[in-house]
Amino acid sequence: MTQSKQYLPSPDWQAQAHVKGMAGYQALVAEAEADHEAFWARLARELISWQTPFTKTLNDSDAPFYKWFEDGRLNVSYNCLDRNVERGLGDKVAIIFEADDGTVTQVSYSELLAKVAQLANALKARGVKKGDRVVIYMPMSVEGVVAMQACARIGATHSVVFGGFSAQSLRDRVQDAGAVMVITADEQQRGGKALPLKAIVDEALADNSCPSCKDVVVYKRTGGAIAWVAGRDLWLHELLAGQSTTCEPEWVEAEHPLFLLYTSGSTGKPKGVQHSTGGYLLHAALTTKWTFDLKPEDVFWCTADIGWVTGHTYIAYGPLALGGTEIVFEGVPTYPDAGRFWQMIEKHKVTIFYTAPTAIRALIKAAESNEAVHPKRYDLSSLRLLGSVGEPINPAAWEWYHANIGGGRCPIVDTFWQTETGGHMITPLPGATPLVPGSCTLPFPGISAAIVDETGNDVPNGQGGILVVKKPWPSMIRTIWGDSERFKKSYYPPELKGYYLAGDGAIRDAETGYFTITGRIDDVLNVSGHRMGTMEIESALVSCTELVAEAAVVGRPDDTTGEAICAFVVLKRPRPSGEEAKAIAKQLRDHVAKEIGPIAKPKDIRFGDNLPKTRSGKIMRRLLRAVAKGEAVTQDTSTLENPAILEQLGQAY
Ligand code: PRX
């Protein structure tokens, strides 16, 4: 691996940045190394307003159940809203909302505070208390952010479920969280189409399947027809009518769970990643400040959905904690055409733009095939910084992003992190770090990322291994909701010396020590930046009991989506071919969409009389991966019961 091509921060950039030059970065790293706890304590005091200051920084007596700032009390919504109003930012625009159809609404900090207080009062009036779980199944909207902040204000723990998940996935999450309420909308408006949300909630809660959930609060977005369950369903606007626009925040302990966010792991069941209040807020604010170099005059745009962790940390919390101005966008990058992002950057004079490699790759293709949506047609001169998140960005896409969107002048921060980490872990700091396309460069100050072998010993630079974090950090996952054993097993396996196991492989450059993420080392796929467990998709396929006898799912590289889902299926009936196979493949895709959501639909489906297995009955996944990629099979196949199946599996539908 050569990392000879480096992009240095310009002297101007460096001079104005929060973290100035490599000397600035190294000083912070040294401070953290000298006294890890004192480093985090200093920043927690500087960035957060505490109602009761903490006296104890880290409690590691029950590792890996670490506690940060344990005896401090605070409120996240106070820190994001009231505090900014008190500092004189009441009239400053907090959110610029652009709807699917282009309509723009601006919300100031004092307006946002009033909205949050009203909803917080309404939630309390419905009996929602500190510690109750509230599921939010909302479109990208001001109301979605308000719902999250309102939960934070009263100490309720929210669990946002991405609007693309199916009724079954939503039901699983409501049940697992034991949610008392679901906040949703009648429909969501995306790409010129109205898509149901409330109808999916109705299906998820049908047959009294979620007895904990007493209320469904409905934000009227489109006014489309919906069914109504009397005694359970409440219109948001009716609930808010007459509620006071002030609400005393609930001061919670720093360790109080701010939210649960379900994500995929190595088993069929998604896990509810539990985050804290104090430690999480600290890292959300700090990374927004240092990685995005957020300044009062910036217009920040993170294109993620609030249903993912990126939308939590870099829409709902981080930028607001710093009193920033941010864009919330309802629509999709390709509507009304693939110039939408560029047009919005021009219109709102966006200065910091944060998106996923999948979107960049799709927009490169679009620009190459249609001059009219090429970014050169737009004035993108307001931009000063670009970011990438969710999956590795290939150097070619990085270069295009740098040249065509950043005009060659904007640094790109390739931010490596996870739902579990709460915020950035390995990332360039834009006024400091020389950039190398394809590398997320160096650990954020205070994050002790390292690469080790299976026994937890460091591997030398230039040699790949397992990515770990050696010391606890404030915004780390606290546990898996309701399953602390799974938390320990998944993230702190005993052989790794008490290090946090990220689940990714990585390698450090022999000369620079820069990190490059080489991909997951578990059964987790990354499709368009969406994280999905192969076992989950397998479970969804075999739940189609009338058709499927057995299924195995693997990933293969894909030019646009990063990875694509490939399913190998054995049917309970003779192996189909031709048109019949196509029809069954469609039926199976629809079934997976119904079980999990459209994002989990396999791209390729291959049918066999059986699956290739070892003598001990284990599915030969490496072999399946080779087949999925269309590679020649070099593995020893002598143990295969029926070598002919390799030929059968060669055909994808
Ligand atoms: O495999 C890594 C990949 O995304 C995983 C985390 O997914 P999720 O929890 O959904 O969070 C996504 C948003 C933070 C990681 O384990 N990943 C994330 N960022 C990068 C990345 N891989 C390479 N480079 C990145 N910058």
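Elements first: I took helices (H or I, at least four residues) and strands (E, at least two) as DSSP runs, numbered from the N terminus. This is a predicted model, so I kept local features at pLDDT of at least 70 and side-chain atom pairs at pLDDT 80 or more, while totals for chains, interfaces and linings use all residues. Residues are numbered from 1 along each chain as its sequence is written, and side-chain values use heavy atoms, without hydrogens and water.

**Entry 1. Cis prolines.**
I looked up two peptide bonds. Tyr 335 and Pro 336 are joined by a cis bond, with omega about 0°. Pro 336 sits in the loop between β17 (325–329) and α12 (340–348). The bond from Ala 63 to Pro 64 is also cis, with omega near 5°. Pro 64 belongs to the loop between β1 (58–59) and β2 (67–68).

**Entry 2. Ligand.**

Next I checked polar contacts (pairs of N or O atoms within 3.5 Å). The backbone of Gly 390 places a polar atom 3.2 Å from a ligand oxygen. A polar backbone atom of Glu 391 is 3.5 Å from a ligand nitrogen. Arg 520 uses its side chain: a polar atom there lies 2.7 Å from a ligand oxygen. The protein covers 94% of the 540 Å² of accessible area that the ligand has on its own; areas come from the Shrake-Rupley method with a 1.4 Å probe.

**Entry 3. Cores.**
I then traced nonpolar cores, meaning sets of buried Ala, Val, Leu, Ile, Met, Phe, Trp, Tyr and Cys residues joined through side-chain atoms within 4.5 Å. Buried is under 20% relative accessible area, exposed over 50%, partly exposed in between (1.4 Å probe, protein chains only). The largest core has 169 residues, with the most contacts at Tyr 317, Val 569 and Leu 588. Contact means heavy atoms within 4.5 Å. Beyond four places in sequence, Tyr 317 touches residues including Val 76, Met 148, Leu 258 and Tyr 280. A second, separate core of 34 residues includes Val 299, Phe 353, Ile 393 and Trp 398.

**Entry 4. His 283.**
His 283 lies in helix α10 (residues 278–290). It counts as buried because its relative accessibility is 1%. Among its contacts beyond four places in sequence are Trp 40, His 424 and Phe 444.

How many residues of α8 are buried? I got six of its eight. They are Lys 198, Ile 200, Val 201, Asp 202, Ala 204 and Leu 205. They pack against elements including α7 (167–177) and β8 (181–185). Asp 207 follows α8, with a positive phi near 60°. At 74% relative accessibility, Asp 207 is exposed. Lys 349 also has a positive phi, about 50°, although not a glycine. Lys 349 is in the loop between α12 and β18 (352–355), and is exposed at 56%.

Conventions: Polar contact = N/O pair within 3.5 Å; in protein donor to acceptor, adjacent residues only side chain to side chain.
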